[in-house]
Amino acid sequence: MLDAPTGPCPCSSGEVYPACCGRWHAGEPAPTAEALMRSRYTAFVLRDAAYLLATWDPATRPEDLELDDDVRWLRLLVLGTTGGGPFDDEGTVAFEAHHRRGGERAVLREDSLFQRARDPRHGRTWRYVGPR
């Protein structure tokens, strides 16, 4: 895992990392599907596979996760959300994640599904299920 930033959060929220995704990476549960999605993008930037696996629904989560050393994540754009609020059980987040692999730029587009799950420490918490 790379060192956590002290400046702007990689998720493009406009907040500094400690007040944004840093809270979720430290163990506080993300309050919305969008917050979880942003924190997962930031985990890709920081190469934090453990966080990605911990926030992935066990029914769709891989056994392990190897992050590509050649990918450099550049920018996140949230295109829209449905549901996913503090009182919802399900939500979607459409996004574009801009990155560079080798010398070439590319964009990952996804409409991700998130659901609430029971967590013994925090009650109901958001989990990434997968693309819709």
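## Briefing: fold, core and aromatic pairs

The protein chain exposes about 7500 Å², and carbon and sulfur atoms supply 49% of that area (Shrake-Rupley method, 1.4 Å probe; for residues, only the protein chains shown count as cover). Bear in mind that this is a predicted model: local features need pLDDT of at least 70, side-chain atom pairs count only at pLDDT 80 or more, and totals for chains, interfaces and linings use all residues. Residues are numbered from 1 along each chain as its sequence is written, and side-chain values use heavy atoms, with hydrogens and water left out.

**Overall layout**

- You'll find three helices and four strands in the protein chain, where helices (H or I, at least four residues) and strands (E, at least two) are DSSP runs numbered from the N terminus.
- Starting at the N terminus, the order of elements is α-α-α-β-β-β-β.
- The radius of gyration is 14 Å, close to the 14 Å that the globule rule gives for 132 residues, so the protein chain is as compact as a globular protein of that length (the radius is taken over C-alpha atoms, and the rule is 2.2 Å times the number of residues to the power 0.38).
- Along the principal axes, the C-alpha atoms fill a box of roughly 40 × 30 × 30 Å.
- Of the 132 residues, 42% are buried (buried is under 20% relative accessible area, exposed over 50%, partly exposed in between, with a 1.4 Å probe and protein chains only).
- Take the contacts between residues at least 6 apart in sequence: 43% of them join residues at least 24 apart (contact means heavy atoms within 4.5 Å).

**The core**

- The largest nonpolar core has 28 residues, and Cys 21 and Phe 114 have the most contacts inside it (such a core is a set of buried Ala, Val, Leu, Ile, Met, Phe, Trp, Tyr and Cys residues joined through side-chain atoms within 4.5 Å).
- Elements giving two or more residues to this core are helix H1 (21-25), H2, helix H3 (49-54), S1, strand S2 (90-101) and strand S4 (123-131).
- H2 gives the most, with seven residues.
- Leaving out residues up to four places away in sequence, Phe 114 touches a list of residues including Leu 36, Met 37, Val 93, Trp 126 and Val 129.

**Aromatic rings**

- There are four aromatic pairs (rings of Phe, Tyr and Trp, the last by its six-membered ring, pair if their centres lie within 6.5 Å; planes under 30 degrees apart count as stacked, over 60 as edge-to-face and the rest as tilted).
- Tyr 41 and Trp 73 make an edge-to-face pair, because their ring centres are 6.1 Å apart and their planes sit at 75°.
- This pair links distant parts of the chain, with Tyr 41 in helix H2 (residues 33-46) and Trp 73 in strand S1 (residues 71-83), 32 residues apart.
- Arg 40 lies over the face of Trp 56, 5.0 Å from the ring centre (the cut-offs are NZ of Lys or CZ of Arg within 6 Å of the ring centre and within 35 degrees of the ring normal).

**Backbone spots to look at**

- Most residues other than glycine have a negative phi.
- Ser 12, in the segment before H1, has a positive phi near 70° and is partly exposed at 38%.
- Arg 47, in the loop between H2 and H3, has a positive phi near 60° and is partly exposed at 27% relative accessibility.
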